[in-house]
Every structure is written in C-alpha cells, then in structure tokens.
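Dear colleague,

I am passing on the structure below, and my notes on it follow. Please read them beside the coordinates.

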Amino acid sequence: VIPDIKLTRARDGSSGTATFNFVNPNVFDASTASQGEITGLFLIDEEGEMSTTDVNASFTNGKPQSIECLYVMNSPEKWDRFMRFMERYGEANGLGFTKAG
C-alpha cells in the first residue's frame with residue numbers, strides 16, 4: 001500500500017513533520033501475520049535508517065481503515081535528509097510531489 005504523505009514545515013525551516021496515511025492497510029491480513037506486530041515506521045535507504053514509533057490505527061466495525069504515522073524532523077538537516085529519501089522513494093515507485101497551493 002502506497003501512503004498519502006502530508007508535509008508541514010516551520011516558517012523558519014527549523015522543524016517539520018511528515019504524516020503518512022495508509023488507507024485500507026493489509027498489515028492485519030492473515031497473509032502478513034507471520035511478519036509480526038507493527039512496532040513503527042522505518043524508512044531505510046543507502047544513507048541509513050529513519051524511524052518513528054508514533055503509529056496509530058483506525059478501525060470501523062473491527063476492520064482496519066487506516067494507519068497513520070507521524071515522523072518529526074527537528075532540524076533543517078533532518079528535513080533535508082527526509083526529502084532526499086522521499087525523492088529516491090518517489091523515483092523508484094513512480095510517484096510525484098504536489099506542493100500545496
């Protein structure tokens with residue numbers, strides 16, 4: 001499942017957030033049960049790993065509707081690192097970036 005990702009950034013560039021929203025996730029399906037429980041969101045590339053444990057799931061009638069993960073970037077360097085990751089991820093998966101108007 002490819003997530004919808006919303007970015008926010010402080011006006012001075014000192015911090016920002018990325019909110020990942022996975023709609024109709026399959027992580028609770030029997031076919032993925034052997035992979036274990038959800039412990040966080042892990043973004044891994046050739047530069048290393050970024051992660052967050054701020055993960056929330058929403059359910060309707062016991063069926064998972066979405067999983068939301070919040071990744072906080074508390075420095076301009078972490079923002080730049082995240083954007084490099086997303087650029088590579090987007091290119092690898094045929095995705096694009098749309099700036100809010």
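Contact here means heavy atoms within 4.5 Å. This is a predicted model, in which local features need pLDDT of at least 70 and side-chain atom pairs count only at pLDDT 80 or more, while totals for chains, interfaces and linings use all residues. Residues are numbered from 1 along each chain as its sequence is written, and side-chain values use heavy atoms, with hydrogens and water left out.

Leaving aside neighbours within four places in sequence, T52 is in contact with G40, L41, L70 and Y71. T52 belongs to strand β4 (residues 48-52), strands being DSSP runs of E of at least two residues and helices runs of H or I of at least four, both numbered from the N terminus. With a relative accessible area of 11%, T52 is buried (under 20%, with exposed over 50% and partly exposed in between, for a 1.4 Å probe and protein chains only).

Y71, one of those contacts of T52, is also part of an aromatic cluster with F20 and F82. Rings of Phe, Tyr and Trp (its six-membered ring) pair if their centres lie within 6.5 Å, and planes under 30 degrees apart count as stacked, over 60 as edge-to-face and the rest as tilted; by this rule there are three aromatic pairs. The ring centres of F20 and F82 are 6.2 Å apart with planes at 85°, so this pair is edge-to-face. Because F20 sits in strand β2 (residues 16-23) and F82 in helix α1 (residues 76-93), the pair ties together parts 62 residues apart in sequence. F82 is buried, at a relative accessible area of 0%. The rings of Y71 and F82, with centres 5.8 Å apart and planes at 25°, are stacked.

Best regards
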